[in-house]
Amino acid sequence: MDKARVGLIGLGFGAEFIPIYQAHPNAEVTAICQRSQAKLDEIGDRFGIAARYTDFRDVVTDPNVDFVHINSPIPDHAPQTIAALKAGKHVMCTVPMATTLEEATEIVGLVRETGLKYMMAETVVYSREYLFIKELYDKGELGRIQYLQASHPQDMEGWPDYWKDMVPMHYATHVVSPLMAMVDGMAEYVSCFGSGAVNEEIARRSGSSFAVESCHIKIKDSDVAAHVWRFLWDTARQYRESIDVYGSKKSFEWELMTGEHPVLHTAKRPETEIAERVEVPDYAHLLPAEIRKFTRAIVDADHLSFIQGGGHGGSHPHMVNEFVNALLENRDPFPNVEQSANWTSVGICAHQSALKGGEIVKVPDFAKR
Ligand SMILES: NC(=O)c1ccc[n+]([C@@H]2O[C@H](COP(=O)([O-])OP(=O)(O)OC[C@H]3O[C@@H](n4cnc5c(N)ncnc54)[C@H](O)[C@@H]3O)[C@@H](O)[C@H]2O)c1
């Protein structure tokens, strides 16, 4: 294989990836799929793609497709992934991998059985902020990591109605993933507290009455603890997907408000010199020249996920490049299926824990044996 041929399923957020694949020297978009024919044709005409489907089952059986990139609504992620793997296609799927532990376990099993590749397209572990902190840590500048925390508050007013049916912690990967990835760790168990209350409609539809869920994570074979919290409704705060990493020498803290810069704290300095604002660099240089511009370019800049998501930290071309290279080099992508399942399961187990008043819940062990 010298070019990986992708079929894109779901063309809201998913449409952003079409020009990136088309510009990538080793990728090609051979099919697109979304439910309404009119929008499908509009996008197909705009990007010159002939194979257009309104039923995802036609993508997974198309012989001109090597892998699918799924960006459909959350409840469809696992069923479409499972169908694609069963049809012999590699899968890249947006977050989360699944909404039940059973689905995550089935996906891990199918990938092992078939030898196909799976990657959860976690934007945060390819964001420039994550890449910056990870680089500081790998160069030894942070020293020993002592504690990790992350937050994902987001007000979902104005988003498609189906978000009301969602348990917020079932979409916790943007906070869990960077913390686990930072220390190359797997979550072992969690204890989560629910706090406050959402309005009656959200509580009924989502099945979760808590306004905020706050979860501690025990990382396997590590003395570092991690803490994540998130909400979607009825709590006042600007959107933020923050990562804080506390090291023995330096610590990184996310900015409080959009438009500010994060803060780097350096130990052993006079008190007033410990904290300084830092500008996070872009990491486009890690990419093939043809797709570097996409760390800054957004096709649909009006989509709420970009206004609230700050363009996802320039992550889109990095994710495309990682999965295409993994296929061409016949290696596991990052994150691989076990990491994706572990990071996704933390949120599912956290909500179970919150329902039991904070009881410890073990995260299933998906590690390779
Ligand atoms: N930072 C991130 O990682 C990030 C950001 C935005 C969205 N997302 C994820 O992307 C997904 C899509 O989000 P969105 O905002 O684009 O949603 P959307 O509702 O705007 O678009 C959904 C798309 O999927 C298509 N679709 C729906 N059901 C389908 C089906 N059964 N088969 C084929 N296509 C189907 C729709 O036609 C539409 O094109 C969500 O799961 C969301 O979590 C992730």
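Which residues does valine 228 touch, not counting residues up to four places away in sequence? In this predicted model, local features need pLDDT of at least 70 and side-chain atom pairs count only at pLDDT 80 or more, whereas totals for chains, interfaces and linings use all residues. Residues are numbered from 1 along each chain as its sequence is written. With contact taken to mean that the C-beta atoms of two residues, placed from the backbone, lie within 7 Å, valine 228 touches Gln149, Ala150, Ala172, Val175, Val176, Leu179, Cys215 and Ile217.

Val228 also belongs to the largest nonpolar core, a set of 103 residues in which Ile107, Val190, Val228 and Val346 touch the most other members. Such a core is a set of buried Ala, Val, Leu, Ile, Met, Phe, Trp, Tyr and Cys residues joined through C-beta atoms within 7 Å, and a residue is buried if 20 or more other C-beta atoms, placed from the backbone, lie within 10 Å of its own. Helix H11 (residues 337-355) gives the most to this core, namely eight residues. Because domain 1 (4-122 + 299-333) and domain 2 (125-285 + 346-362) both give residues to the core, it lies between them.

These domain bounds come from an automatic or database domain assignment, and the C-alpha centres of domain 1 and domain 2 lie 25 Å apart. To their contact, domain 1 contributes 17 residues and domain 2 contributes 21 residues. On the side of domain 1 that touches domain 2, helix H9 (304-309) and helix H10 (316-329) each supply at least two residues. The residues of that side comprise seven nonpolar, nine polar and one charged, where Ala, Val, Leu, Ile, Met, Phe, Trp, Tyr, Cys and Pro count as nonpolar, Asp, Glu, Lys and Arg as charged, and the others, Gly among them, as polar.

Over the whole protein, the secondary structure comes to eleven helices and 15 strands, both being DSSP runs numbered from the N terminus (helices H or I, at least four residues; strands E, at least two). The radius of gyration is 20 Å, close to the 21 Å that the globule rule gives for 369 residues, so the protein is as compact as a globular protein of that length; the radius is taken over C-alpha atoms, and the rule is 2.2 Å times the number of residues to the power 0.38. Of the 369 residues, 46% count as buried. Among contacts between residues at least 6 apart in sequence, 68% join residues at least 24 apart.

Terms used: Buried ≥ 20, exposed ≤ 12 C-beta atoms within 10 Å, placed from the backbone.
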